[in-house]
Amino acid sequence: MTRALHRVVHLVARFFGSLVPRRVGGADRAWVAEALRANEYEVWARMPRADRVESIDVARRAARAIGDVNAALLDDAVAAALLHDCGKTDAHLGTIGRTIATLIGIAAGTRAQMWSGRPGFAGAVGRYLAHAARGGEILQANGARPAAVEWATAHHDATQWPVAGLDLATCRALAAADGE
């Protein structure tokens, strides 16, 4: 499957998955609380429900892949997986808005990220598309561990890997766990 087709399949699956209301159960919430530092957990808890659910799925897939290869990096990698999309919170877009923003991003490329300072829907689209950089800023401001800060910033740009002590194999595992 080509990279572009894989990305489309991934986005379609996420779209339909986000339509199904799923809650973060008590066991999952306890697992996240154990995996994250208190300041990181506060950032995670502010993420929309669908993003928290998805982050747990990504982190569990990453933990399975990374734990077999490099247990020493597991704690930082799990935290990075749980927090990598925290920058999406600033956009305040629901499923349909995010879908439209993604399509605009595909059509307009990185230019649309420059809209983040605009008011209204255009600004929300820009903030959503610039979520990686914004996530890094949020995590940095909240004192998150370097691996989480840098992975949030770099997770869509393989030229920025490896980050903050996470080796290339770990970064690849994180990206694969996120469907990239």
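Student: Which side chain does Glu 54 meet in a salt bridge?

Tutor: Happy to start there, keeping in mind that this is a predicted model. The contact runs N to O at 3.7 Å, and a salt bridge needs a side-chain nitrogen of Lys or Arg within 4 Å of a carboxyl oxygen of Asp or Glu. The partner of Glu 54 is Arg 61.

Student: Is Arg 61 buried or exposed, or does it fall in between?

Tutor: Buried means under 20% relative accessible area and exposed means over 50%. Arg 61 has a relative accessible area of 33%, so it is partly exposed.

Student: Which helices are linked by the salt bridge of Arg 60 and Asp 28?

Tutor: The side chains of Arg 60 and Asp 28 meet at 2.9 Å, N to O. The two residues are 32 apart, so to speak, in distant parts of the chain. Arg 60 is partly exposed at 30%, and Asp 28 is partly exposed at 25%. Arg 60 belongs to α4 (residues 49–69) and Asp 28 to α2 (residues 26–35), which makes the linked helices α4 and α2.

Student: By about how many helical turns are Glu 137 and Arg 134 separated?

Tutor: Their side chains form a salt bridge of 3.3 Å, N to O. Both residues sit in helix α8 (residues 131–141), and because they are three residues apart, the separation is about one helical turn.

Student: How are α6 and α7 oriented where they pack?

Tutor: Their axes are 9 Å apart and the angle is about 75°. Angles of 65 to 115 degrees count as roughly perpendicular. Therefore α6 is, relative to α7, roughly perpendicular.

Student: Which residues of α7 meet α6?

Tutor: The α6 side of the contact includes Gly 97, Ile 100 and Ile 104. On the α7 side, the residues are Phe 121, Val 125, Tyr 128 and Leu 129.

Student: What is the area of the nonpolar surface patch made with Phe 121?

Tutor: Phe 121 lies in α7 (residues 120–129) and, at 41% relative accessibility, counts as partly exposed. Ile 96 and Ile 100 make the patch together with Phe 121, and its area is about 280 Å².

Student: How far apart in space are Lys 88 and Arg 127, C-alpha to C-alpha?

Tutor: Lys 88 is found in the loop between α5 (74–83) and α6 (95–108). With 8% relative accessibility, Lys 88 counts as buried. In sequence, Lys 88 and Arg 127 are 39 residues apart, while in space their C-alpha to C-alpha distance is 7.3 Å.

Note on methods: Residues are numbered from 1 along each chain as its sequence is written. This is a predicted model: local features need pLDDT of at least 70, side-chain atom pairs count only at pLDDT 80 or more; totals for chains, interfaces and linings use all residues. Side-chain values use heavy atoms; hydrogens and water are left out. Patches are made of residues with over 30% relative accessible area and no salt bridge: like charges are joined within 9 Å, nonpolar side chains (Val, Leu, Ile, Met, Phe, Trp, Tyr) within 5 Å. Accessible areas come from the Shrake-Rupley method with a 1.4 Å probe; for residues, only the protein chains shown count as cover. Helices (H or I, at least four residues) and strands (E, at least two) are DSSP runs, numbered from the N terminus. Buried means under 20% relative accessible area, exposed over 50%, partly exposed in between (1.4 Å probe, protein chains only). Axes are lines fitted to C-alpha atoms, for helices over the stretch in contact, and angles run from 0 to 180 degrees between N-to-C directions. Angles under 35 degrees count as roughly parallel, over 145 as roughly antiparallel, 65 to 115 as roughly perpendicular and the rest as oblique. Contact means heavy atoms within 4.5 Å.
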